[in-house]
Amino acid sequence: MPVSKTAECYNMDHENRGKCVIFNNENFDNDELVPRKGSTLDALRLEKTFTKLGFDVKIHNDFTHQQIIDEIEKLSKLDHTDNDCLCVFTLTHGMQRDLIWARDVIYQSERLWKPFIASKCTTLAGKPKMFFFQACRGDESDSSVQLAPRSLIQTETDASPAGPASYEIPTHADFLLAHSSVQGFLGWRDPEYGTWYINCLCDVMDEHGTTMDLLNMLTLTARKVATEYVSIHDNIYLNNKRQVPSVTTMLTRSVYFPPKSKDE
């Protein structure tokens, strides 16, 4: 059992933090797909940030669909017993209904994470499995709305149900699927500096990665993207547009990345 039923946080005391795999697709065989200039900057920035958090990071550049699936299958068959978690990034072109591009063809993004459900990858059962997608999810662009000042009240609830020492979990528990934009909308990328989302995510995790839980960091990331960036484009329909990331979570506990003793 990787963590007790009543634990509020995932167990991050295993020998290793875990694997962080980055699929970076900047160039494509399809002539209609423009190269994603700046994507390699994202990949290198992610490598630096997640290496500092203790991950074993590996970048795969311009993989075909079969190469991606082969790597995912190999990753799902590894023994993750001594790992805290798993993290996978995909940097590529995307379309509606969460279709994303490999170098050669388009495929469903769920093919990346479903091989790791608890019944298929038992050594990651009960551990956080985090999948990040830097890809457009459509061709709509998000205009801004000005907010008038008002006070905000935040409330927190805490529930810690008691239970027996052993317990069962759904096979799809403990996943996090983080997207750079909401369904149907574009994700913005600067050829010289990389994408808004990855830059903000790494800024937040560089500052708070070892002290703040992941969902709070993703909330900070969303706020930075939504409030600090706006598009400048020759096309009037793409100018002065904004973006907000989205998160789908099946996590059952808080995710922290405390420093590993060997790194301290």
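## Phenylalanine 89 and the cores

Leaving aside neighbours within four places in sequence, phenylalanine 89 is in contact (heavy atoms within 4.5 Å) with Cys20, Val21, Ile22, Phe23, Leu46, Phe50, Phe132, Ile198 and Leu201. The model is predicted: local features need pLDDT of at least 70, side-chain atom pairs count only at pLDDT 80 or more, and totals for chains, interfaces and linings use all residues. Residues are numbered from 1 along each chain as its sequence is written, and side-chain values use heavy atoms, with hydrogens and water left out.

Phe89 is also one of the residues with the most contacts inside the largest nonpolar core, which has 37 residues. A nonpolar core is a set of buried Ala, Val, Leu, Ile, Met, Phe, Trp, Tyr and Cys residues joined through side-chain atoms within 4.5 Å. Strand S1 (16-24), H1, S3, S7, S8, H4 and H5 each give two or more residues to this core. H4 gives the largest share, eight residues. A second, separate core of 22 residues includes Ile72, Leu86, Trp113 and Phe131.

## Helix H4

H4 spans residues 196-208. Helices (H or I, at least four residues) and strands (E, at least two) are DSSP runs, numbered from the N terminus. The 13 residues of H4 reach 18 Å from first C-alpha to last, close to the 18 Å expected at 1.5 Å a residue. That expected span is 1.5 Å times one less than the number of residues.

Of the 13 residues, 10 are buried. Buried means under 20% relative accessible area, exposed over 50%, and partly exposed in between (1.4 Å probe, protein chains only). Trp196, Tyr197, Cys200 and His208 are among the buried residues. Their cover includes helix H1 (39-52), strand S3 (83-91), strand S7 (129-134), strand S8 (175-179), strand S10 (194-195) and helix H5 (214-228).

## Lysine 52

Lysine 52 lies in helix H1. Lysine 52 counts as exposed because its relative accessibility is 60%. Lysine 52 and aspartate 206 are 154 residues apart in sequence, yet 8.3 Å apart in space, C-alpha to C-alpha.

## The second largest pocket

This pocket has a volume of about 390 Å³. Of its 16 lining residues, Val34, His93, Gly94, Cys136 and Arg189 are the closest to its centre. On a 1 Å grid over the protein atoms alone, a pocket is an open set of points with protein on both sides within 12 Å along at least five of seven lines; lining residues have an atom within 4 Å of a point. Grid points are joined across faces, edges and corners, and a volume is the space filled by probe spheres set on the points.

Definitions and conventions:
1 Å grid on protein atoms, 1.4 Å probe; cavity = no way out; pocket = protein on both sides within 12 Å on 5 of 7 lines; lining within 4 Å.
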